Amino acid sequence: MSWGDPCRTGTAFDFRTDAITTPSIRQLAAITRATLNDDVFGEDASTTLLEQHVATICGCDAAAFVMSGTMANQLSLAALTSMSRSRPCAVLADSSAHVVNFEAGGLSNLSGAAVQPVQPSNGLYLRAEDIEKHAKLGDNMPWEVCPTAVVSLENTAHGNLIPLRELRGIRDWTAQAGILVHIDGARVWDAVAAGGGSLRDIAACSDAMTLSFAKGIGAPIGAAVVGSSEVIRRVKRLRQSIGGGVRKAGVLAAAAMEAVLENFGPGDVDVCRVIQGGHSAAAEVSNMWTARGGKLLRPTETNMVWLDLAAAGVAAETVSDMASRRGVLLAAPRVVLHHQICADALVSLGQVFDDILAGGVAAVDAADLGVRSKGCVQAM
Ligand SMILES: *Cc1c(COP(=O)(O)O)cnc(C)c1O
């Protein structure tokens, strides 16, 4: 059985993303206890319980359970842009944001919105000054300019925290400018675990926030949007319009609820310290790289390490190939950690770093490929 076994699923050796975390046996047990009523009718207690719980810990009126982080983001943005008094309108976002680059054009498809991509001037995350400089405001704008209706932020942004004072500064400025705020909190659990504020503090800086249950929290499927009753009413209508209303949703919601409780805790701050396991591993990987003379593209603050491969003189594809030869998976230049990475995988990653920085590729031989089976019983 693969439940609760990151060695069997391969997750223990996978540095590509924290979306591959393996769900636990307790989640499987929670599924067996789920109510099996209809959530399109709004009658499923397990789903309602999860929605109410998430709304409460985020200090919001309501929440909507959805199938993926992408769906949560796009429904949030469609709901918020639908509340704009001028249409067509625009969504301002970090030019490297997930909503802009990895959601299959959902913004144009579902919101009919223009994208105003902005490069963060500090190289890490958007700040109020970036937004003030690039947002298009006011009724007296030339006709050819599209007004900014929504600002979309990511927290964490590529593994970096947006400091709470920055979020509050953005919230203050956008509120007086009449702009709504979406926070893509696919990794907001990591932001909280790393001291970036409580879930309530962060959600209070948004009109709609996305949370994912299927990344570091480790549920099989699911995400949520939190916000006011009005925003969530719009999200649920839009969710139904794209076929995202599901019947026995409790099967998924029960696992997601268990994942939150066992990996984060019952409240708005992290008390389980499971997510920090991934952060400590990231700090270790960061040290392994810099101790060998490697440089980083971004500071390591949560569960991601960004390798400066240009400085190391090696191409990303070459590094990913080197990693597979050592028995680990890597989507260079980003190394993503999570609490299910095992010690053997870190040893192998250290060897990959040696190969890269010592130019020792030739030293990789068949004998090294056995590392994957040490200590962690493989049944792939
Ligand atoms: C993974 C991710 C998403 C999308 O989540 P899926 O559940 O994979 O659709 C959205 N935003 C960010 C920042 C992510 O990392």
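Because the model is predicted, local features are reported at pLDDT of at least 70 and side-chain atom pairs at pLDDT 80 or more, while totals for chains, interfaces and linings use all residues. Residues are numbered from 1 along each chain as its sequence is written, and side-chain values use heavy atoms, without hydrogens or water.

I begin with the ligand. Its surroundings consist of Ser68, Gly69, Thr70, Asn73, His98, Glu103, Glu154, Asp184, Ala186, Arg187 and Lys215; a residue counts as near if one of its heavy atoms lies within 4 Å. By class, this shell holds 1 nonpolar, 5 polar and 5 charged residues. In this scheme Ala, Val, Leu, Ile, Met, Phe, Trp, Tyr, Cys and Pro are nonpolar, Asp, Glu, Lys and Arg are charged, and the others, including Gly, are polar. Helix H4, residues 69-82, supplies the largest share of the shell, with 3 residues; helices are DSSP runs of H or I with at least four residues, strands are E runs of at least two, and both are numbered from the N terminus.

Turning to polar contacts, that is, pairs of N or O atoms within 3.5 Å: a polar side-chain atom of Asp184 is 2.6 Å from a ligand nitrogen. A side-chain N or O atom of Lys215 lies 2.6 Å from a ligand oxygen, and a backbone N or O atom of Gly69 lies 2.8 Å from an oxygen of the ligand. The ligand alone exposes 380 Å², of which the protein buries 81%, by the Shrake-Rupley method with a 1.4 Å probe.

Next, the backbone. Most residues other than glycine have a negative phi, and most peptide bonds are trans. Asn155 and Thr156, however, are joined by a cis peptide bond with omega about 5°. Thr156 belongs to the loop between strand E4 (148-154) and helix H8 (164-177). The loop between E4 and H8 also contains His158, a non-glycine residue with a positive phi of about 50°. A further cis bond links Ala332 and Pro333, with omega about 10°; Pro333 lies in the loop between helix H15 (316-325) and strand E9 (334-336).

Definitions and conventions. Polar contact = N/O pair within 3.5 Å; in protein donor to acceptor, adjacent residues only side chain to side chain.
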